[in-house]
Amino acid sequence: MPAYDYKCDKCGETFSLIMSISEKETKKVKCPKCKSVKVKPVYSGFFAVTSKKS
Ligand SMILES: [Zn+2]
């Protein structure tokens, strides 16, 4: 499943979620830190996705 990166507009937290495309369409994405729904998807480039695995 693809992972989607988001950034919270409210607290600036960045987080990624793994979900299916259908989930992405129906799910309300919330910031895990402050629970705000004001999050924006972050596009770090189509191929140059950082391989930050920790
Ligand atoms: Zn937040």
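Two strands count as paired if DSSP finds at least two bridges between them. Helices (H or I, at least four residues) and strands (E, at least two) are DSSP runs, numbered from the N terminus.

What you have above is a predicted model, where local features need pLDDT of at least 70, side-chain atom pairs count only at pLDDT 80 or more, and totals for chains, interfaces and linings use all residues. Residues are numbered from 1 along each chain as its sequence is written, and side-chain values use heavy atoms, with hydrogens and water left out.

I'll start with the sheet. In it, Asp5 has Val42 of β3 as its bridge partner. β1 and β3 run antiparallel, joined by 4 bridges. The sheet is open, with 3 strands in the order β2-β1-β3 and antiparallel pairing. β2 and β3 are the edge strands with a single partner strand each, so one side of each has no neighbour in the sheet.

Now the metal. Which residues coordinate the zinc ion? Cys8, Cys11, Cys31 and Cys34 do, each through SG, at 2.3 to 2.4 Å. Donors here are N, O and S atoms within 2.8 Å of the metal (3.2 Å for Na, K and Ca); water is not among the atoms, so sites may look incomplete. Along the chain the spacing of the donors is C-x2-C-x19-C-x2-C. Cys11 sits in the loop between β1 (3-8) and β2 (14-18), and Cys34 in the loop between α1 (21-26) and β3 (39-42), so this pair ties together parts 23 residues apart in sequence.

Last, accessibility. Buried means under 20% relative accessible area, exposed over 50%, and partly exposed in between (1.4 Å probe, protein chains only). Cys11 is partly exposed at 34%, and Cys34 is partly exposed at 29%.
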